[in-house]
Amino acid sequence: MGATALYAILIYALFIRPKSLVASDIPLGSILQLTPFATISTAGQLSIWGTLLAFVPLPLLAFAYTRSMKKAVVWALAIAILIESLQLVIDLATGFPSFVVDVDDMMLQVLGSVAGLVLTALMVRVSSGSKGNGLAPDRG
């Protein structure tokens, strides 16, 4: 439970908490960016890798709670969509763009989730040889 809470705080701080952007950062009327690969080419490496890596743990946490890879996939995609939707709602509610709702961010979030799903599947495969029914092998 503690790891999930820390992860939720990290996601909130990085992707949902309103930020103060100055007018030179983005045009005031531009809160939607729906052209694929338009901002990835100009984004910094830290931004790209940060977004990718932030979503790697999500499928593992979802699987730990649901014990279903299908549900982990649904949760990972739903949370990526929810984050971009919340960013749009915050922008519209405040009247000042704190975020650009960006299709490139969504692609990076999904790619990070896919990497997490691959790691989760590998962990499940490795642990399936043990007697336990969870990710960790039995110790008794």
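Modeller: Start with a cut-off. A residue is exposed when its relative accessible area is over 50%, buried when that area is under 20%, and partly exposed in between. One more thing before we look: this model is predicted.

Biologist: What is the phi of F37?

Modeller: Phi of F37 is near 70°. That is a positive value in a residue other than glycine.

Biologist: Now R67. Where is R67 placed?

Modeller: R67 lies in the loop between α3 and α4 (69–94). The residue follows α3, and its phi is positive, near 55°. R67 is not glycine either. With a relative accessible area of 45%, R67 falls in the partly exposed class.

Biologist: Let's step back to the fold. How many helices and strands are there in the protein?

Modeller: The protein has five helices and two strands. Read from the N terminus, the order is α-β-α-α-α-β-α.

Biologist: What share of the contacts with a separation of 6 or more is between residues 24 or more positions apart?

Modeller: That share is 74%. L82 belongs to helix α4. Its relative accessibility is 47%, so L82 counts as partly exposed.

Biologist: On to the inside. How many of the 140 residues count as buried, as a percentage?

Modeller: The figure is 31%.

Biologist: Which residues make up the largest nonpolar core?

Modeller: To join a core, a nonpolar residue must be buried, and its side chain must have atoms within 4.5 Å of another member's. Here the largest core has 12 residues: Y7, I11, F15, I16, A54, F55, L58, L61, A76, I83, I90 and F99. The largest share, four residues, comes from α1.

Biologist: Which residues of α2 are buried?

Modeller: In α2 (residues 45–54), the buried ones are I48, T51, L52 and A54. The buried residues of α2 pack against α1 (2–16), α3 (57–66) and α5.

Biologist: And which residues of α3 are buried?

Modeller: Look for L58, P59, L61, A62 and F63. The buried residues of α3 pack against α1, α4 and α5.

Biologist: What is the relative accessible area of D102?

Modeller: For D102 it is 8%, so this residue is buried. D102 lies in strand β2 (residues 101–102). Not counting residues up to four places away in sequence, D102 touches Q33, T39 and E84.

Biologist: What is the accessible surface of the protein?

Modeller: It comes to about 8700 Å². Carbon and sulfur atoms account for 72% of that area.

Biologist: Last topic: confidence. What is the average pLDDT of the protein?

Modeller: The average is 79, and 81% of the residues score at least 70. Over residues 136–140 the pLDDT is below 50. Beyond near neighbours in sequence, that stretch has three contacts in the model.

Biologist: In which helix is confidence highest, and in which is it lowest?

Modeller: Confidence is highest in α5, at a mean of 91, and lowest in α1, at 78.

Note on methods. Residues numbered from 1 in each chain as written. Predicted model: local features only at pLDDT ≥ 70, side-chain atom pairs only at ≥ 80, totals over all residues. Heavy atoms only, no water. Buried < 20%, exposed > 50% of the residue type's maximum accessible area, 1.4 Å probe, protein only. Contact = heavy atoms within 4.5 Å. Areas by Shrake-Rupley, 256 points an atom, 1.4 Å probe, with all protein chains shown as cover. pLDDT = per-residue confidence, 0-100.
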